[in-house]
Amino acid sequence: MNSPLRTVPPSALPDIRGRYGAFGGRYVPETLVPALDRLQAGVDRYLHQADFQAEFNHELKTWVGRPTALSRAPSLSQRWGADVWLKREDLAHTGAHKINNAVGQTLLAKRLGAKRIIAETGAGQHGVASAAAAARLGMPCVVYMGAVDVERQAPNVGRMQLLGATVVPVTGGDQTLRAAIDEALRDWVSDPDGTYYSLGSAVGPHPYPYLVRELQAVIGREARAQMLQQAGGLPDVAVACVGGGSNAIGLFHPFLGDAAVKLIGVEAGGRGPGLGDNAASLTFGTPGVLQGSYTLILQDDYGQVRETHSVSAGLDYSGVGPEHSYLMKSGRVTYESATDDEALAALAECAKFEGILPAIESAHAFSGAKRYAGAHPGARILIGCSGRGDKDMPILQRTLLKNFE
Ligand SMILES: *Cc1c(COP(=O)(O)O)cnc(C)c1O
């Protein structure tokens, strides 16, 4: 492919084939094509329609609790020698940014005439958001969840059930997120008209990465306006954690045209750089196809996708949204990783000095921001606080809180 990186403004992507430069596309079995075509037609027709946007924004405002706050972090600012601001997705209904996408896709499902919502979930956060959105909008909801995750995330399974969803444990494959996505795709193929598959991150075949980005970009639009108003100017840098990449692309996208704003995505560095010890697909991965998309993935020399490790369940995925692969190659966004220990230390610091318990996922962004502050004294830093850490108490008991006993 000729280098489109220098000529195509990132905001114009994806192209008509769902490509972000070399990345993205739609690598799916023939059986899935009609369902994706139908989804694509629905996205083209409804997503930017005034009617749809009005209903979406109304739900975001009156039910999700948007706009979420932008909080200055005075103690972190002082401790790091910087000017630190937090975009508070932890304050959104159900505790993280995932609800923005779940509400938007459920509204789209209704427009498309679907009779039921299906979703996959790893740690349970997208499952909870999907179950809540489906309950709110009067749709039945089935959530596929790896059997291992059903065990590990019991409180979220209960939350989904109380919200009226049916949770189906997936015993095939790796019995975690990857297997759950495969199972949801199988369900969708069997009834593409009556069923809507609500995918939880900016990953998968076109048009999902685009659809999820458009629904999550509300984060960056709000943050940009709030920075201008509350901080008196744009940040020098915006930092977000990257699992599949939805909160990061949502925060970054409205800043892509601001050349002076540096953008940093922080992946899960886990125990270290070895294959299987982390979930840092951009930092350590190589190009390949995973779940319908050409992107950077963690695979061995034979192209076998490898299991990943992260202390944070929400970042524990062997691929990443294709737009991030593009933004890394184009140089517009810088990606780095934070280890388990670095993220936990950042979580503890934020909780103790700001009175905010961030999700372990979000703590990776705090760690990256602290590193940036160390090298750039006085910088104005915007951190995407993607969710709250209450859900992480069991793992925090076994790690940080061990020392408190
Ligand atoms: C799921 C989750 C993430 C990771 O997903 P992205 O699609 O990369 O945003 C990050 N933070 C929280 C709180 C999550 O629940």
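**Entry 1: before starting**

I'm working with a predicted model. I number residues from 1 along the chain, as the sequence is written.

**Entry 2: the ligand**

**Entry 3: polar atoms at the ligand**

- Lys-98 puts a polar side-chain atom 2.7 Å from an oxygen atom of the ligand.
- Gly-245 has a backbone N or O atom that also sits 2.7 Å from a ligand oxygen.
- Gly-243 has a polar backbone atom 2.8 Å from an oxygen atom of the ligand.

How much of the ligand's accessible area does the protein cover? On its own the ligand has 380 Å² of accessible area, and the protein covers 97% of that.

**Entry 4: the second largest pocket**

I moved on to the second largest pocket, which has a volume of about 210 Å³. I listed its lining: Leu-347, Ala-348, Ala-351, Lys-352, Leu-357, Met-393, Leu-396, Leu-400, Leu-401 and Phe-404.

Sorted by class, that lining has nine nonpolar residues, no polar ones and one charged. Lys-352 is in the list, and Lys counts as charged.

Which helices supply at least two residues each? They are helix 14 (340-354) and helix 16 (393-398). Helix 14 has the largest share of the lining, with four residues.

**Entry 5: cavities**

I searched the whole structure for cavities of 30 Å³ or more and found three. The largest cavity comes to about 60 Å³.

Around the largest cavity I found Ala-35, Arg-38, Leu-39, Leu-112, Ala-114, Trp-188, Pro-192, Asp-193, Thr-195 and Tyr-196. Helix 1 (33-46) and strand 8 (195-198) are the elements that give two or more residues to this lining. The largest share is three residues, and it comes from helix 1.

By class, I noted seven nonpolar residues, one polar and two charged. Arg-38 and Asp-193 are both in the lining, and Arg and Asp count as charged.

A reminder to myself: most peptide bonds are trans, and most residues other than glycine have a negative phi. So I went looking for exceptions.

Where are the cis bonds I noted? One runs from Arg-66 to Pro-67, with omega near -5 degrees. Pro-67 is in the loop between helix 2 (50-64) and strand 3 (70-72). Another cis bond runs from His-206 to Pro-207, with omega near 10 degrees. I placed Pro-207 in the loop between strand 8 and helix 9 (208-216).

I also checked phi of Thr-94, which is near 70 degrees, a positive value in a residue other than glycine. Thr-94 is in the loop between strand 4 (83-88) and helix 4 (98-111).

Notes:
Predicted model: local features only at pLDDT ≥ 70, side-chain atom pairs only at ≥ 80, totals over all residues. Heavy atoms only, no water. Polar contact = N/O pair within 3.5 Å; in protein donor to acceptor, adjacent residues only side chain to side chain. Areas by Shrake-Rupley, 256 points an atom, 1.4 Å probe, with all protein chains shown as cover. 1 Å grid on protein atoms, 1.4 Å probe; cavity = no way out; pocket = protein on both sides within 12 Å on 5 of 7 lines; lining within 4 Å. Points joined across faces, edges and corners; volume = space filled by probe spheres on them.
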